[in-house]
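This briefing summarises selected features of the structure shown below, grouped by topic for reference.

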Amino acid sequence: MTKRNIYLKTVPPEEAVALAKAHLDREALLGTEQVPTHEAAGRVTAGPIYAKYSSPTFHAAAMDGVAVSAESTFLAREDAPVALALGEGFVFVNTGNPLPEGKNAVVMIENVVQKDEATVLIDAPAFPWQHVRRIGEDIVATELLIPQNRELTPSDIGALISAGIYEVEVRERVRTIFLPTGDEVLNFLDKPEPCAGQVIESNSQVFRAYANGWGIDADWSAPVPDNEDALRGAVLDGLAKGCHMVVVGAGSSAGSKDYSKKVFESIGEVLVHGISVMPGKPTLLAVTDERSGYPGRLLVGAPGYPVSAVVCHEKILAPVVHWLMGKSAPERRLTDIVLARKTPSRPGMREAIRLAAGRIGENIVGAPLARGAGMITTMTKAQAVAYIPEDVEGVEQGETVRAELLVHKGDLDRVLVHVGSHDNTLDLLANELMGLPEPLRLVSSHAGSMGGLTALKAGSALFAGAHLFDPETGDFNFPFIEKYLGGLPVTVVNLAIRHQGLIVPKGNPLSIQGVGDLTRKDVVFINRQRGAGTRILLDHHLKTAGISPRDVAGYENEEFTHMAVAVNVLTGAASCGLGIYAAAKALDLDFAPLAHERYDLIIPEKYVGDERIQTLIEIIGKKDVQARIKAQGGYETDMTGRIMEPGMGLGQD
């Protein structure tokens, strides 16, 4: 039996960074090199740089006008101007022209009266060196121009070239290689079609994109198999190629096939195995010793799950790499964000919460996105990330947290924050909004219809999608609005009539036709989360059929979107699940119709006049957009864009 790696002690990321710095000799690790000055922006100077030439190298006119001897103008008055003759008395000059010999001042052309082609009148005295850039005014030859350990900016490049410095000595770039690992990992360059149990390798390219932003040289290899000797060989090969740092992707956790720690221990000293941040915990740091043949280099075990890997890159590698090069680590702008939903957290671990965030009234509101180390799409959807401290068990709805912005702060004013029921049409609208001349971004937290109402009541969303059916009145949404929103004035706009039913595998091999089949021993159901309108609809039909939820195998298994339900059916994790026809159609599954329902957008009246909401309503009302909604399958758009009133139901007589 293969021995597992056990986390002995996790450390805060700051401590992990400090340990790496304490065990690395950056002066010995990174050498210097000469680079052309025009290519040196972002590099760090290896020593002081002194100016070769002065700038300017001659006395130069700083204005368009006439060059004069200041002394010849001392008697000039408004009522008794001094007349100067062309040549001996004055010379016309443009900005940047050398100052003619014998002249020591420039009078701006707008202050000159030209009496004739050869004579000008000056009605105010000039002083010596007026509007003149003197030799060395900006740079004096031999003076210190740029000190050592300075990260060169675009302006620095201009100053260096102006001073005659055409090459500069700078610190080497950090050289690194990323080694993805795993028998199940496929090389993306092969454009593979993964089978069950296989994944397409992408972490190397996420790391490479970070590396480009940090200004380091990064390479990557094809996936290394789950074999200790193969991994050791790949690490040693990376060191032999001159890499200052080798990053192993995956293999740093506690599994029986996670060989990174063993390999690192065989050629160096392990400093950290596990950081107290989730995601990101399996991060591994080591420094090579003489056994490697290349002592003093950094070895990194980056987690395999993509979100964990990003935390490792941002919180561990970024500060270490920038320190090695003598640069300041990048810092994101911080802002206060009000949480749209209660967010539990595990005590003892710092937890990263990615947020779909936008401005609502005076506040920036963030809706927590799905958590999970493998949820890479949460990184593409988030506008901010907050870290819940180790000593906190969670954050309540409406509580303010300090968060790192992933976008420019001004972008938050062009975000529509939706909290509520999931619908595929929201993605369609999101794409339409981003296609506008002034794009708007729709961000959504799938909290279910009831979760959307709760967010509206708390002021945590601009609008909420809901499809709550009330059996007593036969109406949608309004009975729940009246009951749960406590008199909050709202406008209700219909998005579509949806077809709900049981999503089943292609061909419906189990012949599932309705809720009565959910009690069969050979049927496993996948449910939606509590508070979802789809779940409320299911419970209504179960009650009508006299079926107890306890008799439905899988009733307790929950997903948060219609597409997630469909994927469970597609992969065989469930025999069926209740969802919309569009989700079944998208994955080429079959569908047993159950009911039609009305999906509405509920908008607090105080936000109806908001430019973002007005744009959203305008887009919903477009005929071509409605045609695309209908083309998804399982939607009727006869009421789309209409303002709803209580009792309208499905709009049928």
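Helix 9 passes helix 17 in a crossing that is right-handed. The model is a predicted one.

**Helix 9 and helix 17**
- The axes of helix 9 and helix 17 (residues 623–631) approach within 10 Å, with a crossing angle of roughly 145 degrees.
- On the helix 9 side, the contact is made by Thr 425, Leu 428, Leu 429 and Glu 432, which meet Val 625, Arg 628 and Ile 629 of helix 17.
- By residue class, this contact of helix 9 with helix 17 comprises four nonpolar, one polar and two charged residues.

**Helix 1 and helix 7**
- Helix 1 (residues 13–23) and helix 7 (residues 306–324) have axes that come within 9 Å and cross at roughly 35 degrees.
- The crossing of helix 1 and helix 7 is likewise right-handed.
- Eight nonpolar and two charged residues, with no polar ones, form the contact of helix 1 with helix 7.

**Nonpolar cores**
- The largest nonpolar core contains 68 residues, and Phe 463, Ile 503 and Leu 616 have the most contacts inside it.
- Strand 34 (residues 490–504) contributes the most to this core, with seven residues.
- Another core, of 37 residues, lies apart from it and includes Val 174, Trp 214, Ile 275 and Val 320.
- Beyond its neighbours within four places in sequence, Phe 463 is in contact with residues including Leu 416, Val 417, His 418, Val 419, Leu 601, Ile 602, Ile 603 and Leu 616.

- Three strands in the order 5-9-8 form an open sheet with antiparallel pairing.
- Strand 5 (82–85) and strand 8 (112–116) are the edge strands; each has a single partner strand, so one side of each lacks a neighbour in the sheet.
- From one strand to the next, the twist averages 35 degrees.
- Strand 5 and strand 9 (residues 119–122) run antiparallel and are joined by four bridges.
- Ala 83 has Leu 121 in strand 9 as its bridge partner.

**Buried residues**
- Ser 421 is located in the loop between strand 29 (415–420) and helix 9 (424–434).
- Ser 421 counts as buried because its relative accessibility is 1%, which falls under the 20% cut-off.
- Not counting residues up to four places away in sequence, Ser 421 touches Leu 426, Gly 448, Ser 449, Gly 465, Ala 466, His 467, Arg 498 and Tyr 599.
- Ala 286 belongs to strand 20 (residues 284–288) and is buried, at 0% relative accessibility.
- Ala 286 and Phe 264 are 22 residues apart along the chain, and their C-alpha atoms are separated by 6.5 Å.
- Asn 104 occupies the loop between strand 6 (90–93) and strand 7 (105–108), and its relative accessible area of 14% makes it buried.
- The residues touched by Asn 104, not counting those up to four places away in sequence, include Val 68, Ser 69, Ala 70, Glu 71, Pro 128, Trp 129 and Gln 130.

Terms used
Residues are numbered from 1 along each chain as its sequence is written. This is a predicted model: local features need pLDDT of at least 70, side-chain atom pairs count only at pLDDT 80 or more; totals for chains, interfaces and linings use all residues. Side-chain values use heavy atoms; hydrogens and water are left out. A nonpolar core is a set of buried Ala, Val, Leu, Ile, Met, Phe, Trp, Tyr and Cys residues joined through side-chain atoms within 4.5 Å. Buried means under 20% relative accessible area, exposed over 50%, partly exposed in between (1.4 Å probe, protein chains only). Helices (H or I, at least four residues) and strands (E, at least two) are DSSP runs, numbered from the N terminus. Contact means heavy atoms within 4.5 Å. Two strands pair if DSSP finds at least two bridges between them. Axes are lines fitted to C-alpha atoms, for helices over the stretch in contact, and angles run from 0 to 180 degrees between N-to-C directions. A crossing is left-handed if the near helix is turned anticlockwise from the far one by less than a right angle, and right-handed if clockwise. Ala, Val, Leu, Ile, Met, Phe, Trp, Tyr, Cys and Pro count as nonpolar, Asp, Glu, Lys and Arg as charged, and the others, Gly among them, as polar.
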